[in-house]
Amino acid sequence: MSTKTIAGVEVNLNDEGYMEDASQWTKEIGAEIAKEEGIELTEKHYELIEWIRNKVAAGEGLTIRGIGKSGVVNAKEFYGLFPGAPLKKATKIAGVPKPTSCI
Amino acid sequence: MKKLLILGAGTAGTMMANKMRKVLSRSDWDITIVDQYKTHYYQPGFLFIPFGIYNEQDVIKPKNDFFPVGVNVIFSAIEKVEADKNRVLLEDGISLKYDYLIIATGTRTAPEETDGLMGNLWYKDIFDFYTIEGAVALANHFKTWKGGKLVVNITELPYKCPVAPLEFVFFADAFFTERGLRDKVDITYVTPLPGAFTKPRATKMLGELLEQKNINIVPDYNIMEVDNENKKIVDFGGKEVPFDCLVTVPTNLGADFIETSGLGDDMNFVKTDKFTLQQVDHENIFVIGDASNIPTSKAGSVAHFAAEILEENLLCAIEGRELTAKFDGHANCYIETGYGKGTLIDFNYDTEPLPGSFPFPGLGPFGLLKITRTNHYGKLLFRWIYWHILLKGKDMPIESEMQMAGKKL
């Protein structure tokens, strides 16, 4: 764990750079983490981030299937917004824990 | 008469029928089990069929052979659970009342969920091995296949028997080597996971095994569609993997009636308390096996360990006591690695697969995360145990709760 000042706020990050406390998150923090990932956030990004944060707050799991059915984007558009590893990047930027896969 | 109703007569449902008939008085309790199919498949055997080790006859028996005396059996499709009315509707208009309900309807493969998967090449160059039809069709295909790009793709999580596709590529390596074709067969393992498996030590061990066997891995891959014309799969990020023979692990979904009954998640797996095995919204509904959404493997061993927990908790609920048994997510999986050898993993919600010996500390006879001949024989022997002991709900010399003794941290 480490602390880092992002967009003027001191936040705790885990070893992989995910925020430890989702309540510290602001849009500005999201924008700054996104920049480190090479992503410029648009309105669509923020709309999806809000959906993701609400899901996590409700204790529900995140999957690509679920996001594809979110009504905000389909799975392909999700990849377009967060290229490469969309679930990992989107959760990092949204200030929520990285989804775990258990099989 | 009170009524216990069990939906699904696969591994989990059959075990529960046997267990509960032993402990519930026949004068007070009526037990009914419902399933739409009359044939019981030994699903762990499907993996062996494409390589000619087992045939169809080795993995099927009539379901009726495994029900205890004193259980009503109904073969019918299930339409809906009306949980607020404590009743279940079957397809021909029959309705069944229950005091307690056990849902054990498992999971099914849903290849129709992926665009192009069931196109022109389905069962010509594209196969699954999680159905008897797919496994037999693939066995016939391999008999005359001259080699090329063999791609094994896991569509999405969760899917049942998480180690089966790994065993499949290990078997394929040995099978084509023994046929003198291995230099003509390029094997690629394409998975949505970041590596060969989920947890660190097993991922490392199995990842190294893939490398030793010259099997390519494409991780973090979420398939979008199959391009039948150009014989390649494409993921949502646009990454393409060409194939000559595609072996797919299709999307896994729970039964359709789970959705219409409002009991499940977005993949129709029943929302279940991972410790008590109770459905989250209904105290008189319990869930066991692949049908549940508990965060552990969808595997027969999990259903077997969970069965003891469910028996205890169901009795607690019936007698109006607090539920005392707590499931730990215990899973135990033999993994075939080819050439008559295998490895074994044993884990639960909190403990990843660790090296060591099983079930007796220091003695084995099985080696955890080790490749041995005994592990392979353990898997072959298991088919006999499955038909004769496990389905009948008899005790096995293995604790349902995962044991740390014999494991090395």
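Buried means under 20% relative accessible area, exposed over 50%, and partly exposed in between (1.4 Å probe, protein chains only). This is a predicted model, in which local features need pLDDT of at least 70, side-chain atom pairs count only at pLDDT 80 or more, and totals for chains, interfaces and linings use all residues. Residues are numbered from 1 along each chain as its sequence is written, chains are lettered from A and ligands numbered from 1 in the order in which they are written, and side-chain values use heavy atoms, leaving out hydrogens and water.

View 1. Look for Asn348(B) in the loop between β22 (341–347) and β23 (356–360) of chain B; strands are DSSP runs of E, at least two residues, and helices runs of H or I, at least four, numbered from the N terminus.

**View 2. Two cis peptide bonds in chain B.** Leu157(B) and Pro158(B) are joined with omega near -10°, and Pro158(B) sits in the loop between β12 (148–154) and α3 (164–178). For Gly364(B) and Pro365(B), omega is about 10°; Pro365(B) belongs to strand β24 (residues 364–368).

**View 3. Positive phi at Asn214(B).** Here phi is near 60°. Most residues other than glycine have a negative phi. Asn214(B) is exposed, at 55% relative accessibility.
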